[in-house]
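Reader: I have a model open and want to learn to read it feature by feature. Where should I start?

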Amino acid sequence: MTKSRGKQLVICVDNEGYEVSLEKRKIYVSLRDPAAEKLDMLRIVDESGEDYLYPKTFFREIALPLAVKRAVLAA
C-alpha cells in the first residue's frame with residue numbers, strides 16, 4: 001500500500017459559507033471517508049494538517065500525472 005492510497009487531489013470550486021477556511025481554485029487533499037461520502041461530504045486536509053468535512057459539491061477531482069501528484073502530496 002502506497003502512502004498516497006486513499007488520498008485524492010481535488011480543487012475547490014465553491015466556498016460559500018466557508019470563505020475563511022477554503023480558497024476557490026486551490027488544490028486540496030481529500031481523504032477517503034466512506035461515512036462522509038454517504039452524507040455527500042468530503043474529508044479535506046487543510047494547511048495545518050487537520051482534516052474537516054465539507055460539501056462534496058464544493059470540489060472537483062483532478063487527475064495529474066503520477067510524478068506531479070507525488071510531488072504535490074509530498075509538499
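This is a predicted model: local features need pLDDT of at least 70, side-chain atom pairs count only at pLDDT 80 or more; totals for chains, interfaces and linings use all residues.

Reader: Which secondary structure elements does the chain have, and in what pattern?

Author: The chain has 2 helices and 5 strands. Along the sequence the pattern runs β-β-α-β-β-β-α. The radius of gyration is 12 Å, close to the 11 Å from the globule rule for 75 residues, so the chain is as compact as a globular protein of that length.

Reader: What box do the C-alpha atoms fill?

Author: Roughly 35 × 25 × 20 Å, along the principal axes.

Reader: How do I read the contacts along the sequence?

Author: Take contacts between residues at least 6 apart in sequence. In this chain, 40% of them join residues at least 24 apart.

Reader: What about surface and charge?

Author: The accessible surface is about 5400 Å², and carbon and sulfur atoms hold 53% of that. Of the 75 residues, 21% count as buried. The chain carries 13 positive and 12 negative side chains. The centres of these two sets lie 9 Å apart.

Reader: Which residues make up the largest nonpolar core?

Author: The general idea comes before the list. In soluble globular proteins, nonpolar side chains tend to be buried together. Here the largest nonpolar core has 9 residues: Val-10, Cys-12, Leu-22, Tyr-28, Leu-42, Ile-44, Tyr-54, Phe-58 and Phe-59. Strands β1 (7–12) and β3 (41–45) are the elements that give two or more residues to this core.

Reader: Next, Ser-30. Is Ser-30 buried or exposed?

Author: The cut-off for buried is under 20% relative accessible area. Ser-30 has 6%, so Ser-30 is buried. The residue sits in strand β2. Leaving out residues up to four places away, Ser-30 touches Gly-6, Lys-7, Gln-8, Val-10, Leu-42, Arg-43 and Ile-44.

Reader: How do I read a backbone phi angle?

Author: Most residues other than glycine have a negative phi. Arg-25 has a positive phi of about 70 degrees, and Arg-25 is not a glycine. Asp-40 also has a positive phi, near 60 degrees.

Reader: Where do Arg-25 and Asp-40 lie?

Author: Arg-25 lies in the loop between β1 and β2. Asp-40 is in the loop between α1 (34–38) and β3. Arg-25 has 68% relative accessibility, so Arg-25 counts as exposed.

Reader: And Glu-23?

Author: Glu-23 is in the loop between β1 and β2 (27–31). At 47% relative accessibility, Glu-23 counts as partly exposed. Beyond four places in sequence, Glu-23 is in contact with Cys-12, Asn-15 and Tyr-28. Cys-12 and Tyr-28 are listed in the core.

Reader: Last stop, Ala-75. Where does Ala-75 lie?

Author: Ala-75 is in the segment after α2 (66–74). With 88% relative accessibility, Ala-75 counts as exposed. The C-alpha atoms of Ala-75 and Ile-62 are separated by 17 Å.

Definitions and conventions. Residues are numbered from 1 along each chain as its sequence is written. Side-chain values use heavy atoms; hydrogens and water are left out. Helices (H or I, at least four residues) and strands (E, at least two) are DSSP runs, numbered from the N terminus. The radius of gyration is taken over C-alpha atoms; the globule rule is 2.2 Å times the number of residues to the power 0.38. Buried means under 20% relative accessible area, exposed over 50%, partly exposed in between (1.4 Å probe, protein chains only). Contact means heavy atoms within 4.5 Å. Accessible areas come from the Shrake-Rupley method with a 1.4 Å probe; for residues, only the protein chains shown count as cover. Lys and Arg count as positive and Asp and Glu as negative; His and the chain ends are not counted. The place of a charge is taken as NZ of Lys, CZ of Arg, CG of Asp or CD of Glu. A nonpolar core is a set of buried Ala, Val, Leu, Ile, Met, Phe, Trp, Tyr and Cys residues joined through side-chain atoms within 4.5 Å.
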